[in-house]
Amino acid sequence: KSLKQCFENAQIQGYEKGELLISTNASSKRSRYKVYHGFSTYENNHGPKDDGNSLRQRKCTTSIPGKDLEFVSKAIPEILYFAELAEDFSGMEIFCLDILRQSSSGNDGGKEALFGWHVDNEGERRNVCLSVIFLLTPHKTSMQIRGFQEFVYQGAGAGVAFVSKMVHRSCYAEDSTMKIAFFLTGKFKSWAKRTQMTCLCGLIDLPTLKNEWVEQNWIQC
């Protein structure tokens, strides 16, 4: 709710391109605020390939640098819970995060926030090693890692984690679907010493650790 309120506050303040307005009380007399924008240059998306594709994409995506996570979490404390879950599980650091408002129909969300086959460690994110995505809303949505069956998120709070260089795609999203994606860098410190893996929620046992297993397997919960 607090995340949606920040988007609504941006509209109230006159921002018309899907911006996220984060405002916190720096003191009793003044407040600090930052405005976060979406990206508009990723053409490998489900939207119509017309002149309006980039603008629509900007309205349904939001990018936040990892260094701003503490500031953002002051206004949206729920984000910190998901961020800490991803960091504690992997032993890595969050480089950046995206908020995606998706819709396969293009209503209340965008087709442009759904992506074709791609990898996450490209361009400015070339050093990203792990991608962790959580569903924030109770809507039907799915994605797929190449070589694996389509993964359907099992309700709000469900998540998926995979090595960022694995080829994957968005499949489907109901109207009003919202997700948060964390992109982490570093070494897989906490994984190396385990002989038995568990998923992010700790409830599902995965196969016994094998050499280079992380290159062929992914984690879902």
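I began at Asn45, whose side chain reaches the backbone nitrogen of Gly47 at 2.9 Å. I count this as a polar contact, that is, a pair of N or O atoms within 3.5 Å, where within protein one must be able to donate a hydrogen and the other to accept it, and where residues adjacent in sequence count only if both atoms are side-chain atoms. The model is a predicted one, in which local features need pLDDT of at least 70 and side-chain atom pairs count only at pLDDT 80 or more, while totals for chains, interfaces and linings use all residues. Residues are numbered from 1 along each chain as its sequence is written, and side-chain values use heavy atoms, with hydrogens and water left out.

**Asn45**

I then found that the side chain of Asn45 also reaches the backbone oxygen of Tyr42, at 2.8 Å. Asn45 sits in the loop between E2 and helix H2 (53-60); here helices (H or I, at least four residues) and strands (E, at least two) are DSSP runs, numbered from the N terminus. Is Asn45 buried or exposed? With a relative accessibility of 6%, Asn45 counts as buried, because the term means under 20% relative accessible area, with exposed set at over 50% and partly exposed in between (1.4 Å probe, protein chains only). Not counting residues up to four places away in sequence, I listed Asn53, Gln57, Lys111, Glu112, Leu114, Phe115 and Gly116 as touching Asn45, a contact being heavy atoms within 4.5 Å.

**Ser170**

I looked next at Ser170, which lies in strand E9 (residues 168-173) and is buried, its relative accessible area being 11%. Leaving aside neighbours within four places in sequence, the residues in contact with Ser170 are His46, Gln102, Ala113, Leu114, Phe115, Ser142 and Met143. I also noted that the C-alpha atoms of Ser170 and Phe151 are separated by 9.7 Å, the two residues being 19 apart along the chain.

**Salt bridges**

I took a salt bridge to be a side-chain nitrogen of Lys or Arg within 4 Å of a carboxyl oxygen of Asp or Glu, and by this rule the count is 5. One of them joins Lys34 to Asp68, with the closest N and O atoms 3.5 Å apart. This pair links distant parts of the chain, since Lys34 is in strand E2 (residues 31-36) and Asp68 is in the loop between strand E3 (61-65) and helix H3 (69-75), 34 residues apart. Lys34 is partly exposed at 28% relative accessibility, whereas Asp68, at 7%, is buried.

Lys67 is exposed, at 71% relative accessibility.

I also recorded the salt bridge between Arg56 and Asp50, whose closest N and O atoms are 2.9 Å apart. Arg56 is partly exposed at 30% relative accessibility, and Asp50 is partly exposed at 39%.

**Pockets**

For the pockets I worked from a 1 Å grid over the protein atoms alone, where a pocket is an open set of points with protein on both sides within 12 Å along at least five of seven lines, and lining residues have an atom within 4 Å of a point. Grid points are joined across faces, edges and corners, and a volume is the space filled by probe spheres set on the points.

The largest pocket has a volume of about 680 Å³. It is lined by 29 residues, of which Phe39, Asp98, Asp120, Arg125 and Phe183 are the closest to its centre. E3, strand E4 (93-102), E9 and strand E10 (177-185) each give two or more residues to this lining, and the largest share, 5 residues, comes from E4. By class I have 15 nonpolar, 7 polar and 7 charged residues, with Ala, Val, Leu, Ile, Met, Phe, Trp, Tyr, Cys and Pro as nonpolar, Asp, Glu, Lys and Arg as charged, and the others, Gly among them, as polar.

The second largest pocket holds about 570 Å³ of space. Of its 23 lining residues, Gln11, Lys59, Arg101, Asp108 and Gly109 are the closest to its centre. Helix H1 (2-12), H2 and E10 are the elements that give two or more residues to this lining, and H1 gives the most, with 4 residues. The lining of the second largest pocket has 5 nonpolar, 7 polar and 11 charged residues.

**Whole chain**

Last, I noted 5 helices and 13 strands in the chain, and buried residues making up 44% of its 221 residues.

Conventions. On a 1 Å grid over the protein atoms alone, a cavity is a set of points where a 1.4 Å probe fits but cannot get out, and a pocket is an open set with protein on both sides within 12 Å along at least five of seven lines; lining residues have an atom within 4 Å of a point.
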